[in-house]
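Trainee: I am new to this structure. Could you show me how to read it, feature by feature?

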Amino acid sequence: MDKNFQGEQFTGMIKFSPPLSKQRYQFIKYLVEKYKPKKVADLGCADCTLLRMLKFCSCIEVLAGLDICASVMKENMHRLYPLPVDYLQPAERSLTVTLHHGSVAHKDPCMLGFDLVTCIELIEHLEESELKKFPEVVFGFMAPTVVVISTPNSEFNTLLPGVTVFRHPDHKFEWNRAQFQNWALETARHYDYSVEFTGVGHPPTGMENVGFCTQIAVFVRKYPQTSKFDPSEKPTEAAYKTVFKAVYPSLKDEKYLQNAVVGEVIFTAQIIKQSLLNRLMSEREDCNDDSTERKSKFQPSLNCFADFGKLVVEASMEPIVNENVIYIPLKTIFSFPKVNRLCGTFEKLCKLIAGKVTLSSDGSAVMFNTEHE
């Protein structure tokens with residue numbers, strides 16, 4: 001919530017560069033790089049800006065957003081759909097992005113099993129009754145490895161012209177540093193987390209005593225993940241409603257893996273073929289420029305290509321020319337790093353390209369007809 005707040009909206013002299021909202025997102029990106037979470041949930045995701053940024057983090061395989069305002073999510077969820085390039089070049093990791101409509105005061109099994117939970121400018125929007133339930137939902141029920149909570153530092157408000165009570169009309173409270181830290185320390189103690197405090201939005205020189213404009217608490221669970229949720233129990237409160245879900249193309253899906261492997265095999269084979277043709281053409285030109293004696297030495301080498309048999313194709317790593325056909329051994333193609341990484345084993349390479357690439361009768365080499373080349 002309140003994701004688009006920037007210091008310059010309220011200040012005449014103070015300007016945050018980059019804007020305060022971007023500084024908060026960059027801080028989350030830093031934590032993702034540090035902890036490498038696979039599953040991340042953003043509570044109070046609003047316009048989905050943070051989720052859109054996090055979908056590019058290669059370690060993340062599951063992203064979930066939750067917000068009480070369904071209309072804001074629906075207006076912005078198009079930003080989370082896969083792009084054409086995601087289908088043209090599928091990532092090696094899988095990625096699923098889901099948006100839920102609901103309150104952070106309610107428990108829902110769909111929010112279990114997350115490594116990192118972010119609550120950016122959220123808690124100050126909660127009613128007192130919701131704030132009381134919030135720790136139990138996030139730290140007791142969800143019990144992620146890391147929780148990040150940011151909230152305005154009310155001590156900074158004296159530097160923001162135009163702010164008389166709260167920075168945003170929907171804020172129910174704004175804590176000073178002592179209030180926030182007392183709440184965070186008590187929460188961490190009760191649910192067996194450690195907590196460290198920092199912030200973004202540095203005060204002007206000479207005003208360091210007011211602290212950061214946005215104060216941040218980073219909670220890290222002390223012990224292995226546990227949740228008090230019993231699947232046999234029926235939820236006593238309304239479950240979240242899923243309003244969006246996108247599954248990104250991934251090389252873990254054999255359909256996309258096969259397309260990638262076939263494309264890479266053909267691409268690699270074309271490079272080898274062209275290299276061979278260029279070499280043969282160069283030799284032919286050299287031969288034409290030389291004496292008849294040189295030509296006689298060149299001709300047998302072409303005949304040798306024509307005399308290679310099936311067993312030689314299997315045994316050799318060299319491409320072979322037989323009349324108007326070039327044979328490029330699969331073992332040669334498999335030796336290329338990208339093909340090797342995509343397939344893992346030679347047997348899988350053979351399986352993935354079967355019926356998709358023109359092969360020799362014994363299946364050991366890719367065939368190209370060069371009659372018109």
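**Cysteines and disulfides**

Mentor: The structure holds 0 disulfides. Keep in mind that this is a predicted model.

Trainee: How far from Cys-69 is the nearest cysteine sulfur?

Mentor: A disulfide needs two cysteine sulfur atoms within 2.5 Å. Cys-69 is in no disulfide, and the nearest cysteine sulfur is 9.9 Å away, in Cys-45. Cys-69 is partly exposed, at 28% relative accessibility. Cys-110 is partly exposed too, with a relative accessible area of 31%.

**A helix and what covers it**

Trainee: What span is expected for helix H1, and what span does the helix reach?

Mentor: The expected span is 1.5 Å times one less than the number of residues. H1 covers residues 20-35, which is 16 residues. The expected span is 22 Å, and H1 reaches 23 Å from its first C-alpha to its last. Those values are close.

Trainee: What comes just after H1?

Mentor: Lys-36 does, with a positive phi of about 50°.

Trainee: Which residues of H1 are buried?

Mentor: Buried means under 20% relative accessible area. In H1 the buried residues are Leu-20, Ser-21, Gln-23, Arg-24, Tyr-25, Phe-27, Ile-28, Leu-31 and Val-32.

Trainee: What covers the buried residues of H1?

Mentor: The cover includes helix H2 (49-54). It also includes strands E4 (116-120), E5, E6 (193-200) and E7 (214-221).

**The nonpolar cores**

Trainee: Which residues touch the most other members of the largest nonpolar core?

Mentor: Leu-54, Ile-60 and Leu-99 do, in a core of 42 residues. Several elements give two or more residues to this core: H1, H2, E3, E4, E5, E7 and strand E8 (241-247). H1 gives the most, with 6 residues.

Trainee: Which residues is Leu-54 in contact with, beyond its neighbours within four places in sequence?

Mentor: Leu-54 is in contact with Ile-28, Val-32, Val-40, Ile-60 and Leu-63. Look back at H1: Ile-28 and Val-32 are among its buried residues. There is also a second, separate core, with 33 residues. Its members include Ile-123, Phe-134, Ala-143 and Tyr-193.

**One residue up close**

Trainee: Is Ser-150 buried or exposed?

Mentor: Start with its place. Ser-150 lies in strand E5, residues 146-152. Its relative accessible area is 1%, so Ser-150 is buried.

Trainee: Which residues does Ser-150 touch, not counting those up to four places away in sequence?

Mentor: They are Arg-24, Cys-119, Ile-120, Glu-121, Leu-122, Glu-124, Thr-214, Gln-215 and Ile-216. With Glu-121 there is a polar contact of 2.6 Å between the side chains.

**Salt bridges**

Trainee: How many salt bridges are there?

Mentor: A side-chain nitrogen of Lys or Arg must come within 4 Å of a carboxyl oxygen of Asp or Glu. By this rule there are 9 salt bridges. Take Arg-341 and Glu-92: their closest N and O atoms are 3.0 Å apart. This pair links distant parts of the chain, 249 residues apart. Arg-341 is in helix H11, while Glu-92 is in the loop between helix H4 (84-88) and strand E3 (96-101). Glu-92 is partly exposed, at 46% relative accessibility.

Trainee: Where do the partners Glu-136 and Lys-107 lie?

Mentor: Their side chains meet in a salt bridge at 3.3 Å, N to O. Glu-136 lies in helix H5 (residues 128-142) and Lys-107 in the loop between E3 and E4, so the pair ties together parts 29 residues apart in sequence. Lys-107 is partly exposed, at 34% relative accessibility.

Trainee: What is the N to O distance between Asp-170 and Lys-172?

Mentor: Their side chains form a salt bridge at 3.1 Å. Asp-170 is partly exposed at 32% relative accessibility. Lys-172 is partly exposed, with a value of 32%.

**Two loop residues**

Trainee: Where is Glu-323 found?

Mentor: Glu-323 is in the loop between strand E9 (320-322) and strand E10 (325-329). At 69% relative accessibility, Glu-323 is exposed. Now compare sequence with space. Glu-323 and Asn-369 are 46 residues apart in sequence, and their C-alpha atoms are 9.2 Å apart.

Trainee: Where is the place of Gly-344?

Mentor: Gly-344 sits in the loop between helix H11 (337-343) and helix H12 (346-353). Its relative accessibility is 46%, so Gly-344 counts as partly exposed. From Gly-344 to Phe-334 is 10 residues in sequence and 9.2 Å in space, C-alpha to C-alpha.

Methods
Residues numbered from 1 in each chain as written. Predicted model: local features only at pLDDT ≥ 70, side-chain atom pairs only at ≥ 80, totals over all residues. Heavy atoms only, no water. Helix = DSSP H or I, 4+ residues; strand = E, 2+ residues; numbered from the N terminus. Buried < 20%, exposed > 50% of the residue type's maximum accessible area, 1.4 Å probe, protein only. Polar contact = N/O pair within 3.5 Å; in protein donor to acceptor, adjacent residues only side chain to side chain. Contact = heavy atoms within 4.5 Å. Core = buried A, V, L, I, M, F, W, Y, C linked by side-chain atoms within 4.5 Å.
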